[in-house]
Amino acid sequence: MARVVRFHSHGGPEVLRIEDMDVPSPGPGEVRIRVRALGLNRAEASMRSGSYIETPTLPSGLGLEAAGIVEAVGAGVEGITQGDVVSIIPPRSMARWPAYGQLVNFPAELVVKHPPSLSFEAAAATWMQYLTAYGALVDIARLGPDEPLVITAASSSVGLAAIQIASRIGAVPIAITRTSAKKTALLDAGAAHVVALAEEDIEARLTEIAPQGVRVVLDAVGGPIFTPLTAAMARGGILIEYGGLSPEPTPFPLPDVLAKTLTLRGYLVHEITGDPARLEAAKAFILDGLASGALKPVIAKTFPFEKIAEAHRFLEAGEQFGKIVVTV
């Protein structure tokens, strides 16, 4: 028996339950992991509340990221053995492969032996944020040295990962955040500029920072911010949308899209994780960055497993700087 987190109805954090369940032996191609830490993502809160792109059969588990120790391997698994310290690439389906538990089975192709220098907490805070940022900025946008990059929701784990990746490439990360309360922290995290959307004219500030326009925008918000963002973009620019945090409608900025031949592109990390060649390139980039120290997960706060509902409340409050981690 092992403790796992499940929910029997959609709703707020209070619907999360810790239950005792039998965890089967790993099947062919699977690895069983004794979990030591979990990384929390907004996708998990969305699935719990019933607004995610995946609609699970209830009751359901959830969770996209974990780190721990391999306890057993199924038939046909090569390169991973009992006792290995590993972390998990986010699966396409949380319902099929939930990570919130003391013991979890995962496909071997989604299990990574991470650098020994990485703690369980840092390892559990690695893959979703860096794969998301890498896929958008390196794989799709081909961000280059000295290019300005606009990052909204910059204090989120993906926002901070994007700042680090842009800095590693030699690009110029421009962080957009709600207020100036996190300005110093964002500058310390590597942002070249910080724009507070509630206090400044975004279009004017971005035009001041990048008079020739911004070619690449990484946005997690949507809503009214689309108008000033596209107004500050360069001809032929690309806006990559990976979120949708704003509750307000998102306008289609037709004049700027036409005049500047802009690309507005939706993006899911599954584009990278579902393509073996692209995933291997991403893993190599991220593991190299972790080993060199160029990439370093920022952990906002840790919670014990028993406080999973409290951890979700903190996640949804939106005040964190970096990743929320739960220790198991």
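**Exercise 1.** Find which residues of α3 meet which residues of α4.

*Solution.* Start in α3: Gln129, Tyr130, Thr132, Ala133, Tyr134, Leu137 and Val138 are the ones to pick. Across from them in α4 sit Ser157, Val158, Ala161, Ala162, Gln164, Ile165 and Ile169. Contact here means heavy atoms within 4.5 Å. Now sort by class: this contact has 10 nonpolar, 4 polar and no charged residues.

Keep in mind that this is a predicted model, where local features need pLDDT of at least 70, side-chain atom pairs count only at pLDDT 80 or more, and totals for chains, interfaces and linings use all residues. Residues are numbered from 1 along each chain as its sequence is written, and side-chain values use heavy atoms, with hydrogens and water left out.

**Exercise 2.** Work out how α3 and α4 are oriented to each other.

*Solution.* Take α3 (residues 127-140) and α4 (residues 157-169): their axes come within 8 Å and cross at roughly 50 degrees. Angles under 35 degrees count as roughly parallel, over 145 as roughly antiparallel, 65 to 115 as roughly perpendicular and the rest as oblique. So α3 and α4 are oblique to each other.

How values were computed. Axes fitted to C-alpha atoms, helices over the stretch in contact; angles between N-to-C directions. Helix = DSSP H or I, 4+ residues; strand = E, 2+ residues; numbered from the N terminus. Nonpolar A, V, L, I, M, F, W, Y, C, P; charged D, E, K, R; others polar.
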